[in-house]
Structure formats: C-alpha cells, structure tokens
Amino acid sequence: MDKIHDLLQYITIGASLHDEFGNFIYINPVFCKMFNTTNEKVKFHKFNNIIFDINIEDNIIEWININFKKIDNYIIKIRNKNTNNFIKINSITLKNGKEYHILTYENITDTINYSFLYDQIFKNIKTGIIIIDIDNHNNFIVKNVNPYGLNICNFNKTEIINLNINNINFPIINGNKIQHYIKDVYKNEKSIDLKFAKCVSNEQIKWKNIFFHKINSGEIIILYDDVTDIIEYKNK
C-alpha cells in the first residue's frame, strides 16, 4: 500500500484510493488542491458523506459514490473560488488479496475552453472553411463546412455533410475539379495557395482566394474568400 501512496503522491493529476466499499483511504496533493480538502477530512468516508468547500452538485456526488468501480471518462463541473473547472474522472480496479479502486481526476478546462474558442471562430470567421476527411474506402468526404463557407458557395449544409466530394457540384477551379487539388495535397502533403482563382459553376464565374492544407490528423482544410468584387473593381 505504501508503494501505491508513493506513486499517487507524485503523479500530476488528481488521484484517490478507495477500499471495496468506496471509502477514501488516501488522496494525493493534486486532489487536495483541486477539491480544496485534506486527507484528514475525507479518510474513511465515502463521497456522499463529505462536505466539500467547493461547489459540486449533489446528484453528481451520489453518482460517483454509486459508480466508483466503473467510471470511464466521466466529466463533471466543479466551482472553486468563482472559477468553473471541468474534471474528467476514470477508475482503476486493483486486486491483491483485497479489492481497491483508484480514481483519477484530470482537469480538462483548458481543452474545453479551446474547443469553445475553436467553435466560435469556425462559426463566425468571415472566411469559408471546408473540412475534408477520408473514409475507410479512400473516399474524400465533407466532414464540416462553416456558415460563411456555405453562403459563399450557396450550399445547404444538410446536402453536403458526409457526402463523397465526387457527388457534390463544386465549382471548377482554374479549369480543374476540386478533387484535383485535394488529392494532390493529400498525397504530397504540400499546401496549395491559389490567388484569384477562377471558379465556374453553372456558367457563373466567381473569383476566389483558395488555400488547401493537410493537417496532422490527415484531414484537408480548405479556406476560401470571395474576391469577385475586387476583380470587378479592377476591371472597371
């Protein structure tokens, strides 16, 4: 048991050790700071018998108390000193004569905030964004399109999400289908930057700046801006 204490004491995420009934045996320093408590306050008690100095909903505490043996990536929100934190909890079972359970607590607030920020940028930026993924059959699929991108291309989101790009009437770009650029970027992993590209759809000509880029996950990101007004102004 001392070895387990030593291990939990130095890991960088919160951790608590419980007996087979869910009673606290030990909590590490990160847990103490995260939940604003001490070993002396929680030892030999269950979750639902502890009064925490931070805000946690009672139903969440009761859920953890009941399910402490089988928690898998369960996310809770706690409030400490007017700050909300999102904590991801997992449980591990140990059997060595007796049954013990370790619960780990990872603060994922920054990840949650980053996801929120990304979502806000994706929705509100005045640049068209298309995200292309590849499925198990090596088909290029439209994974997502932001609202501004839909507006530029006059697409309906429900009409193109999860569709094979071969089945979508994309504009012809500088005389080539969009597949030409997507396949090139995917294969060669070199970005393509097209300035004032001529885009033809239903005999209508638009001019766009288009950027194709492959990210580490393998997805292709397409960024595009309509610059037709600029071309028309120059022509005038």
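Me: Where does N138 lie?

Reply: N138 lies in the loop between strand 6 and strand 7, the latter covering 140–145. Keep in mind that this is a predicted model.

Me: What is the phi of N138?

Reply: About 65 degrees, a positive value, although N138 is not a glycine.

Me: Is N138 buried or exposed?

Reply: N138 counts as exposed because its relative accessible area is 58%, and the cut-off for exposed is over 50%.

Me: Which loop holds N36?

Reply: N36 is in the loop between helix 2 (29–35) and helix 3 (39–42). Its phi is positive too, near 55 degrees, in a residue other than glycine. N36 is partly exposed, with a relative accessible area of 34%.

Me: Stepping back to the whole chain. How many helices and strands are there in the protein?

Reply: The secondary structure comes to 9 helices and 11 strands. The radius of gyration is 27 Å, well over the 18 Å that the globule rule gives for 236 residues, so the protein is more spread out than a compact globule.

Me: What does the C-alpha trace span along its principal axes?

Reply: About 80 × 40 × 30 Å.

Me: How many of the residues count as buried, as a percentage?

Reply: Of the 236 residues, 41% count as buried. The protein exposes about 14800 Å², and carbon and sulfur atoms supply 49% of that area.

Me: Now the pockets. How much space lies in the largest pocket?

Reply: About 250 Å³. The residues lining the largest pocket are I152, C153, N154, F155, N169, P171, C199, S201, N202, Q204, K206 and K208.

Me: Which elements supply at least two residues each to that lining?

Reply: Helix 6 (147–153), strand 9 (192–201) and strand 10 (204–214). Strand 10 gives the most, with 3 residues.

Me: What does the lining of the largest pocket look like by class?

Reply: It has 5 nonpolar, 5 polar and 2 charged residues.

Me: What about the second largest pocket, how much space is in there?

Reply: About 150 Å³ lies in the second largest pocket. Its lining is made by Y114, L117, Y118, I121, F122, I125, I129, I131 and I221. Helix 5 (109–124) and strand 6 (128–134) are the elements that give two or more residues to this lining. Helix 5 gives the most, 5 residues.

Me: And how do its lining residues divide by class?

Reply: The second largest pocket has 9 nonpolar lining residues, no polar and no charged.

Me: F122 is on that list. Is F122 buried or exposed?

Reply: F122 is buried, with a relative accessible area of 7%; the cut-off for buried is under 20%. F122 is placed in helix 5.

Me: What does F122 touch, leaving out its sequence neighbours?

Reply: Not counting residues up to four places away in sequence, F122 touches I129, I131, N144, V145, N146 and P147.

Me: How far apart are F122 and N146?

Reply: They are 24 residues apart in sequence and 6.0 Å apart in space, C-alpha to C-alpha.

Me: Which residues line the largest cavity?

Reply: I130, C153, F170, P171, I173, I178, C199, K208, I210, F212, I222 and Y224. Among them, C153, P171, C199 and K208 also line the largest pocket.

Me: Which elements give at least two residues to the cavity lining?

Reply: Strand 10 and strand 11 (220–226) do. The largest share, 3 residues, comes from strand 10.

Me: How do the cavity's lining residues divide by class?

Reply: They divide into 11 nonpolar, no polar and 1 charged.

Methods: Residues numbered from 1 in each chain as written. Predicted model: local features only at pLDDT ≥ 70, side-chain atom pairs only at ≥ 80, totals over all residues. Heavy atoms only, no water. 1 Å grid on protein atoms, 1.4 Å probe; cavity = no way out; pocket = protein on both sides within 12 Å on 5 of 7 lines; lining within 4 Å. Points joined across faces, edges and corners; volume = space filled by probe spheres on them. Helix = DSSP H or I, 4+ residues; strand = E, 2+ residues; numbered from the N terminus. Nonpolar A, V, L, I, M, F, W, Y, C, P; charged D, E, K, R; others polar. Buried < 20%, exposed > 50% of the residue type's maximum accessible area, 1.4 Å probe, protein only. Contact = heavy atoms within 4.5 Å. Rg over C-alpha atoms; globule rule 2.2 N^0.38 Å. Areas by Shrake-Rupley, 256 points an atom, 1.4 Å probe, with all protein chains shown as cover.
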